[in-house]
Structures are given as C-alpha cells and as structure tokens.
Amino acid sequence: MAAVAVASPAKRAREDEAPAAAADAAKPVLYSYWRSTCSWRVRIALALKGIDYEYKAVHLLKDGGEQLKDEFAALNPMREVPALVIDGNTLTQSMSIIEYLEDTRPTAGVKLLPGSAAERAKVRAMAQMIGCDIQPVQNLRVLKRFMAEFSTQEEKDAKKLEWGKWVIETGFRGLEAALSTTAGKYACGDEVTLVDVLLVPQEYNAGRFGVDMSAFPTIARVCAAAKELPAFKAADPSEMPDKF
C-alpha cells in the first residue's frame with residue numbers, strides 16, 4: 001500500500017476563536033481516499049473540531065484496491081477506509097470515529113451532537129438514514145458485485161448508474177421529508193450537526209449518479225450552506241493530495 005503523508009487540511013479550516021483541540025504527543029493519522037464519502041465525513045469532523053492530522057492516501061482502485069491488501073487489513077479488518085490512528089487507538093467506521101471525537105473533545109470546535117437526549121436521537125436517526133440506508137447500498141463493494149452480473153462494459157456502466165440513482169433517490173425522499181421538520185440554516189436548526197457532516201458527501205454522490213437535486217430542495221439548500229463553511233471547504237475532495 002502506497003501512502004502519501006501531507007500537512008493537515010484541518011489547520012486551514014480552524015477559526016481563530018475555536019477552542020484548541022486536546023494536545024496529544026502524536027499527530028493523528030487518517031487513512032483516506034479522496035472521493036470516499038466515509039473518509040470525507042471524518043475529514044469534515046476533524047476540521048470542525050480543529051484537529052490537525054496526517055493524511056495517508058489509500059487508493060481504492062489501484063492494483064485492485066490498496067484497501068484489500070494485507071498491510072491495510074492490519075489496520076482495518078473490513079479492508080475499507082477510513083481508519084484513524086489517534087490517542088494510541090486505531091479506529092474504524094466513520095460514525096464511530098466521529099462520535100469518538102465528540103466524546104473525547106466535547107469542547108473543541110463545533111459540537112456535532114445537540115444537548116438533549118431527544119435531539120441527539122433525532123440527529124443520529126437522520127445521520128443513520130445516510131450512513132446505514134443509503135451510502136452502503138451504493139458503495140464500491142456493492143457496485144462491483146452488482147456489475148458482475150452483466151456481460152458488457154456498456155451494460156455494467158448503465159446498470160451501475162441506474163442502481164446508484166435509484167438508491168439515492170429512494171433514500172433522499174425519506175430524508176427530505178424528515179428535514180422538513182428539523183431544518184433551519186443547516187439540517188437540524190441553525191448549527192451544524194452530525195447530519196450535515198454525512199449529508200454533504202452524500203449529495204456529492206447524488207451528483208455522480210445523476211440525481212436531479214431540484215426534487216430535494218431542502219437537502220440542496222442545507223448542503224449549499226454547509227459547503228460555505230471553511231471546514232467543509234478544507235475537507236472537500238478537490239483539496240486532497242490524492243485527487244485525480
């Protein structure tokens with residue numbers, strides 16, 4: 001697995017007034033792929049928390065996928081990105097990583113989960129609509145298996161787009177309805193939450209699969225607002241050293 005280490009993009013996103021992240025002896029290391037939406041979520045959360053980190057690229061397509069090599073499996077047995085080495089721990093699964101950052105650095109940067117138990121449950125539910133019901137069903141592993149059922153590359157490409165578009169549109173219909181009761185400037189009121197962290201990368205995937213976002217005006221509006229924030233800009237795939 002070839003890895004590229006770079007200076008943290010999170011530093012560019014930290015606002016002057018944001019509280020400093022807890023000081024650690026070793027800088028966290030994020031194993032990421034520029035266009036992986038799961039990795040992207042973690043990059044956003046790190047930036048919102050003001051946590052500097054080292055970026056190590058894991059190419060999901062090169063040589064059959066660097067994430068499938070035994071070297072990377074030692075970090076993540078599921079052979080998926082992201083993996084975050086922080087505080088002496090190796091963490092996997094983007095939602096778990098983000099909640100760890102929130103639990104261990106509750107006063108750093110942006111608070112991603114609201115105060116009351118009921119509000120946190122609503123935020124987690126909408127985040128899980130994306131993280132459990134939409135993204136996993138249109139990710140690389142599923143698409144590869146789905147495309148294997150077709151013989152020509154033309155068929156594979158057409159069916160991949162058809163499948164991804166259907167999955168995202170189906171999920172976005174439910175999410176749009178849920179957001180109609182919670183959205184303010186952002187997905188849940190006027191402060192960024194965990195929902196925005198997952199939603200912006202998923203909207204990007206919607207564009208890749210040809211979803212007409214005019215059918216989902218609330219999703220489009222809150223994503224546009226979030227993408228104006230420095231942390232979201234710093235975490236964008238276009239800013240990653242392994243983009244191509």
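Colleague: At what angle do H8 and helix H9 pack?

Modeller: Axes are lines fitted to C-alpha atoms, for helices over the stretch in contact, and angles run from 0 to 180 degrees between N-to-C directions. In this predicted model, H8 and H9 (residues 217–226) pack at about 110°, their axes being 10 Å apart. H8 is therefore roughly perpendicular to H9, the class for 65 to 115 degrees; under 35 counts as roughly parallel, over 145 as roughly antiparallel and the rest as oblique. Residue numbers start from 1 along each chain as its sequence is written. Local features need pLDDT of at least 70, side-chain atom pairs count only at pLDDT 80 or more, totals for chains, interfaces and linings use all residues, and side-chain values use heavy atoms, without hydrogens and water.

Colleague: How do H7 and H8 cross?

Modeller: Their axes come within 9 Å and cross at roughly 140°, so H7 and H8 are oblique to each other. Helices are DSSP runs (H or I, at least four residues), numbered from the N terminus.

Colleague: Where does the largest pocket lie?

Modeller: A pocket is an open set of points on a 1 Å grid over the protein atoms alone, where a 1.4 Å probe fits, with protein on both sides within 12 Å along at least five of seven lines; lining residues have an atom within 4 Å of a point. Here, domain 1 (29–105) and domain 2 (117–239), with bounds from an automatic or database assignment, both contribute to the lining, so the largest pocket lies between them. Its lining comprises 35 residues, with Leu-60, Gln-135, Asn-139, Leu-140 and Arg-141 nearest the centre. H6 gives the largest share, five residues.

Definitions and conventions: Helix = DSSP H or I, 4+ residues; strand = E, 2+ residues; numbered from the N terminus.
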